[in-house]
Amino acid sequence: MLRDVEPGSTVDCAHCGERVKFQAKVRHRQVICNVYVKGVWNRVEHFHSECYSLAGEPHGPVDTTPVVRTRARAAERRPA
Ligand SMILES: [Zn+2]
């Protein structure tokens with residue numbers, strides 16, 4: 001999934017090894033991947049958005065669905 005880099009982020013990019021750091025002037029994007037091994041969650045890998053592309057999208061296409069929209073849909077109530 002693609003997310004904005006948050007202030008105070010202390011994760012390293014799994015591709016280039018450099019810190020995925022928050023910079024107020026530049027709205028960096030990061031790709032967060034939940035990695036499953038044999039169907040079991042193993043770890044989270046972080047990439048700079050550009051590094052993820054350079055790495056050949058190792059965990060598949062990025063899900064760019066905004067979290068807000070997903071939450072809004074979940075909160076919808078069906079008419080009685
Ligand atoms: Zn990187």
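Visitor: What do buried, partly exposed and exposed mean here?
Guide: A residue counts as buried when its relative accessible area is under 20%, as exposed when that area is over 50%, and as partly exposed in between, with a 1.4 Å probe and protein chains only. The model is predicted, with local features needing pLDDT of at least 70 and side-chain atom pairs counting only at pLDDT 80 or more, while totals for chains, interfaces and linings use all residues. Residues are numbered from 1 along each chain as its sequence is written, and side-chain values use heavy atoms, with hydrogens and water left out.

Visitor: OK, how many salt bridges are there?
Guide: A search through the whole structure turns up two salt bridges, a term that asks for a side-chain nitrogen of Lys or Arg within 4 Å of a carboxyl oxygen of Asp or Glu. One of them joins D12 to R19, whose closest N and O atoms lie 2.7 Å apart, and another joins the side chains of R43 and E45 at 2.9 Å, N to O.

Visitor: Switching topic, which residues make up the largest nonpolar core?
Guide: That core has seven residues, namely C13, V20, V31, C33, F47, C51 and Y52; such a core is a set of buried Ala, Val, Leu, Ile, Met, Phe, Trp, Tyr and Cys residues joined through side-chain atoms within 4.5 Å. The elements giving two or more residues to this core are β4 and α1, where helices (H or I, at least four residues) and strands (E, at least two) are DSSP runs numbered from the N terminus.

Visitor: What does C33 touch?
Guide: Leaving aside residues up to four places away in sequence, C33 touches R43, V44, E45, F47, Y52 and H59, with contact meaning heavy atoms within 4.5 Å.

Visitor: What about E57, where is that?
Guide: E57 lies in the loop between α1 (49-54) and α2 (67-75), and it also has a positive phi, of about 45°, without being a glycine. At 35% relative accessibility, E57 counts as partly exposed.
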